[in-house]
Amino acid sequence: TLGVYYVLLCVIRVYLIRSTTPPAQAAAEWSIQVRTRRRTGWLLLALDLSLIWIAFQIVQEGRGYTYPGTLIYAAAAYAFYTLILSVVQLVRYRQLQSPLLSAAKAINLTSAIVAVFSLETAMKYMFGGDEEFWRYMLPITAAAMCILVLLIALSMIRTPEKRGK
């Protein structure tokens, strides 16, 4: 299931790269960029389905991520760095009103959200703790992750056809 997630993430990123237009043509091809953003939103919905399955496996079947030694601290630094960077870039590139750039930044945000969830499951297995806490915390975080990705995908699909709407 994790392989499906990463393959879909690669497909989405390659699709966005191949759909990029030069800046001189960007104004003339606004409708093409909007269609590309919508298609990316549909692909993100498929990605959300794989995330739902991953979350189900982690919560119900007790599967999760493990990092050897102190690698979990590097994973934590990466997760928080990508989350902060993706939120900052999403806000910054939203002002440019480019459907393709905002779609790329939305995909980065999705990837960062998944990294934070992966870190949480790794922390559960690395540090343990109160089982009652994890019994409630993992499903809440998994649901929040899946809902956030769903909302990002729906916002991409509902992109207005014309500028300024």
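You will find K124 in helix α5. Leaving out residues up to four places away in sequence, K124 touches E131, W134 and L138, where contact means heavy atoms within 4.5 Å.

## About the model

This model is predicted: local features need pLDDT of at least 70, side-chain atom pairs count only at pLDDT 80 or more, and totals for chains, interfaces and linings use all residues. Residues are numbered from 1 along each chain as its sequence is written, and side-chain values use heavy atoms, with hydrogens and water left out.

## Two helices side by side

Two packed helices are described by the angle between their axes and the distance between the axes. Helix α3 (residues 30-60) packs with helix α6 (residues 131-157) at an angle of about 170 degrees, and their axes are 8 Å apart. Therefore α3 is roughly antiparallel to α6 (over 145 degrees; under 35 is roughly parallel, 65 to 115 roughly perpendicular and the rest oblique). Among the contact residues are W42, L51 and A55 of α3 and L138, A142 and M145 of α6. The contact divides into 18 nonpolar, 3 polar and 3 charged residues. Here Ala, Val, Leu, Ile, Met, Phe, Trp, Tyr, Cys and Pro count as nonpolar, Asp, Glu, Lys and Arg as charged, and the others, Gly among them, as polar.

The helices themselves are DSSP runs (H or I, at least four residues), numbered from the N terminus. Each axis is a line fitted to C-alpha atoms over the stretch in contact, and angles run from 0 to 180 degrees between N-to-C directions.

## A closer look at A55

Not counting residues up to four places away in sequence, A55 touches F117, A142, M145 and C146. A55 and V91 are 36 residues apart in sequence, and their C-alpha atoms are 28 Å apart in space.

## Who lines the cavity?

The largest cavity has a volume of about 40 Å³. On a 1 Å grid over the protein atoms alone, a cavity is a set of points where a 1.4 Å probe fits but cannot get out, and lining residues have an atom within 4 Å of a point. The volume is the space filled by probe spheres set on the points, which are joined across faces, edges and corners.

The lining of the largest cavity includes L51, F117 and M145. Helix α5 gives the most to this lining, with 3 residues. The lining residues divide into 8 nonpolar, 1 polar and no charged.

Conventions
Helices (H or I, at least four residues) and strands (E, at least two) are DSSP runs, numbered from the N terminus. On a 1 Å grid over the protein atoms alone, a cavity is a set of points where a 1.4 Å probe fits but cannot get out, and a pocket is an open set with protein on both sides within 12 Å along at least five of seven lines; lining residues have an atom within 4 Å of a point.
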